[in-house]
Amino acid sequence: MAEAQPALEISGLRKSFAGIEVVKGVDLTVHRGEVVALLGANGAGKSTVIGCLAGNHRHDGGTVAIDGRVFDDLDPLKAGKAGIAVIHQHPSVVENLSVVDNMFLGREIGRGGLIDRRAQRRQAQAVLDGLGGQLSPDTLVADLSPGGRQLVEIARALLRRPSILILDEPTAALGKEDVERLLAQVRQLAASGLAILYVTHHLQELPKVADSVTVMRDGLVSFSRAMSELTLANIAEAISPGYLRAENPAAPVAADAPAILELDQARIGRAPPISFSVRAGEIVGVFGLLGSGRTNLLEGIFGSRGAIGGIMRFRGAPSSFTDPGAAIAAGIALVASDRVRQSAFMGLNALENLLMPHLGGMARHFRRSGKAEAAEFTRIAQRLKINPPLPGIAMGALSGGNAQKVAVGRWLSQYADSALLMLDEPTQGIDVGARADLYDLVRGFVADGERAVLFTSSDADEILLLASRYIVLGRDGIVAAGNIAEIDADGLVALVHEIERQAS
């Protein structure tokens, strides 16, 4: 029996930017009913491949065949009509509209010059029922969890009856329960006959969702194999050779090291008072589930939530910042978890994003110095391993890993004077290779013994890999703290579950 025609068949795909070839001849096949995981380190070319399929980039060579039809000049409209739907990491929903209004936004059903809301609701309900009936068409999107908003994006895509669904880091901002529901939904969609290309950096999801794995490295496919033939260690090593051998947890700092930050019965909003310190040369990891107050803690220190209550000392002096500008001037930097909304200027290019806080200091005679800016961008881009190192590339065109490196690198410039770097979920939405690079950058930040890092994570393994000391945060404040050498991942997770059990 002849093999069924692939829903998607890419052969020899090539794409260059500014003379730099980033996709160098990629072959990829996805059949109906199949979930293919597309993986690769930061800069491997995954985002560019997806951009070519979505019609955002016109490929320079090779072929893209959708249900047997070859396309040489895909644009977003043609890609959609051909049957490709792309769900991005950050849902582009309108919060003050209902689920049904979001699903039909820009393609409303008209009748007699008016919107046929009854027909829209009927079609929306049918799609939502097919997704498990978890959402009501009339629910306001602002009232949905991140997982619910992601489902709205999927439902909107399914209205067009695509044959190929591309999910680009769909679980990056989701909690555990939302992740489990989404993975089950992806399997159900594949069972209904959709061809699914699934991009993720969470390797632990793969056994639950993927039929096969394709790994890209340096713009090429390094291998494609059935998931049943692979272990997660195999995949991690294929994505970033040497990654598993390069783990290097931070060592504890000397007990007499000076404190960079001290909180004494500090209060942020209505949260219980907390007390802890971060010493020079130290990397402190704050572990906790969504809703534990991790983000509020960092934003309170940074002045995003107004003056902090209680006592806060920074570099030994009493401090309480009422706005981020004052915190930055004092030497505190924050990289938020939501890169699109809080850590990036999406209308600007990579150079401007990387150097934004320092452009005034780099100016010559009250005018921007293009030469100085280009030199500093090149220096930091090489240090950060941004690939491709294009200063003029739009921030929105960068991969998740590159975007996060730009956000962190902003505070690594020689023009920056930050004594405390705070990172909220620093590796959210990026792959294992980019994680290793970021870990190295964070360790390098404190290597001089004069600066410190405070970061949050919901990943116990990340706390163990990066921190020298841990804090477990719950709704009642700090419930545990200690040196990393004294605990393992199971111990951290057990502490969190005990908090949840007592709260229930």
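Residues are numbered from 1 along each chain as its sequence is written, and side-chain values rest on heavy atoms, with hydrogens and water left out. Because the model is predicted, local features need pLDDT of at least 70 and side-chain atom pairs count only at pLDDT 80 or more, while totals for chains, interfaces and linings use all residues.

## Salt bridges

Let us start with the charged side chains. Side chains of opposite charge can pair when their charged atoms come close. Here a salt bridge is a side-chain nitrogen of Lys or Arg within 4 Å of a carboxyl oxygen of Asp or Glu. By that rule the count is 20 salt bridges. Buried stands for under 20% relative accessible area, exposed for over 50%, and partly exposed for what lies in between (1.4 Å probe, protein chains only).

| Salt bridge | N to O distance | Relative accessible area |
|---|---|---|
| Arg 156 and Glu 153 | 2.5 Å | Arg 156 12%, Glu 153 8% |
| Glu 282 and Arg 279 | 3.3 Å | Glu 282 1%, Arg 279 17% |
| Glu 376 and Arg 379 | 3.0 Å | Glu 376 3%, Arg 379 32% |

Helices (H or I, at least four residues) and strands (E, at least two) are DSSP runs, numbered from the N terminus. Arg 156 and Glu 153 share helix H5 (residues 146-158), where they sit three residues apart, about one turn of the helix. Arg 156 is buried, and Glu 153 is buried as well. Glu 376 and Arg 379 are likewise three residues apart, in helix H14 (residues 370-384), which puts about one helical turn between them. An α-helix has 3.6 residues a turn, so residues three or four places apart point the same way. In this pair Glu 376 is buried, whereas Arg 379 counts as partly exposed.

The remaining pair in the table belongs to a network: salt bridges link Arg 279, Glu 282 and Arg 469. Glu 282 is buried, and so is Arg 279.

Ala 259 stands opposite Arg 279 in E14. The hairpin has six residues between its strands, and Gly 269 has a positive phi near 65° there.

E13 (residues 259-267) also holds Gln 265. Most residues other than glycine have a negative phi, and most peptide bonds are trans. Gln 265, however, has a positive phi near 50°, and its relative accessible area of 44% makes it partly exposed. His 365 is another non-glycine residue with a positive phi, near 55°. His 365 lies in the loop between helix H13 (359-362) and H14, and it is exposed at 75% relative accessible area.

## Helix H6, face by face

Helix H6 (residues 176-191) has 16 residues, which at 1.5 Å a residue should span 22 Å; the end C-alpha atoms are 23 Å apart, in agreement. That expected span is 1.5 Å times one less than the number of residues.

Which residues of H6 are buried? They are Asp 178, Val 179, Leu 182, Leu 183, Gln 185, Val 186, Leu 189 and Ala 190. Seen down the axis, these buried residues fall within an arc of 165°, so they line one face of H6; the arc is taken from the directions from the helix axis to the C-beta atoms. On the other side, Lys 176, Glu 177 and Ala 191 are exposed.

The cover over the buried residues of H6 includes strand E3 (35-40), helix H4 (117-130), H5, strand E9 (164-168), strand E10 (195-199) and helix H7 (206-209). Just after H6, Gly 193 takes a positive phi of about 115°.

## Phe 321 in its loop

Our last stop is Phe 321, in the loop between strand E17 (317-318) and helix H10 (324-330). Phe 321 is buried, at 10% relative accessibility. Contact means heavy atoms within 4.5 Å. Not counting residues up to four places away in sequence, Phe 321 touches several residues, among them Ile 301, Phe 302, Met 312, Ala 326 and Ile 332. The C-alpha atoms of Phe 321 and Leu 420 are separated by 14 Å, with the two residues 99 apart along the chain.

How values were computed: Two strands pair if DSSP finds at least two bridges between them.
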